Amino acid sequence: WSSACALPIYAGADAFAPLVEEEEIDLVRQLSGYGEVVELAARELEPHRLVFWLQELAANLHRFYNRHRVLGDENPARVGARLALLDLVRRTIAAGLGLLGVSAPERM
């Protein structure tokens, strides 16, 4: 159970320091609530809470991706931070879908 709730650890908060755009902060803020959502969904036997949260995460990711460049950004530190953020979102969605018994495709 706890390993399904755990998110990967990166080099520290400094790795995400270049993330200052509203959409980036929204993603980070939402990701920080993953464990709480999983715990609440399990405790209340309401898996739809996790489903809705994952849908909101995907919508926030879509909003970020439409407004900001990742690989084409001129700041290498920001590129690295954004790639780490995208990887964290990817892993979180995969973990959430795994808890729901849904397989996640490798590519879309």
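Which residues are linked with Glu39 in a network of salt bridges? Select Glu39, Arg43 and Glu44, and you have that network on screen. A salt bridge here is a side-chain nitrogen of Lys or Arg within 4 Å of a carboxyl oxygen of Asp or Glu.

Before you click on, a word on what you're looking at: this is a predicted model, where local features need pLDDT of at least 70 and side-chain atom pairs count only at pLDDT 80 or more, while totals for chains, interfaces and linings use all residues. Residues are numbered from 1 along each chain as its sequence is written, and side-chain values use heavy atoms, leaving out hydrogens and water.

Stay with Arg43 and Glu39 for a moment. Their closest N and O atoms are 3.3 Å apart. Both sit in helix α3 (residues 34-43), four residues from each other, or about one helical turn. Helices here are DSSP runs (H or I, at least four residues), numbered from the N terminus. Arg43 is exposed at 53% relative accessible area, whereas Glu39 is partly exposed at 46%. The cut-offs: buried is under 20% relative accessible area, exposed is over 50%, and partly exposed is in between (1.4 Å probe, protein chains only).

Next, pick Asp87 and Arg91. Their side chains form a salt bridge, 3.0 Å from N to O, and this pair too is four residues apart, about one turn of helix α5 (residues 76-100). Arg91 is partly exposed, at 39% relative accessibility.

Now jump to Arg67 and Glu23, whose closest N and O atoms are 2.7 Å apart in another salt bridge. Arg67 belongs to helix α4 (residues 48-67) and Glu23 to helix α2 (residues 22-31), so this pair ties together parts that are 44 residues apart in sequence. Check the two ends: Arg67 is exposed at 54%, but Glu23 is buried at 9%. Across the whole structure, a search finds nine salt bridges.

Last stop: all of α4. Its 20 residues reach 29 Å from first C-alpha to last, close to the expected 28 Å (that's 1.5 Å times one less than the number of residues). Colour Leu50, Trp53, Leu54, Leu57, Asn60 and Phe64, which are buried. They're on the same side of α4, because they cover an arc of only 125° around the axis, taken from the directions from the helix axis to the C-beta atoms. The buried residues of α4 pack against α2, α3 and α5, with contact meaning heavy atoms within 4.5 Å.

Definitions and conventions. Helices (H or I, at least four residues) and strands (E, at least two) are DSSP runs, numbered from the N terminus.
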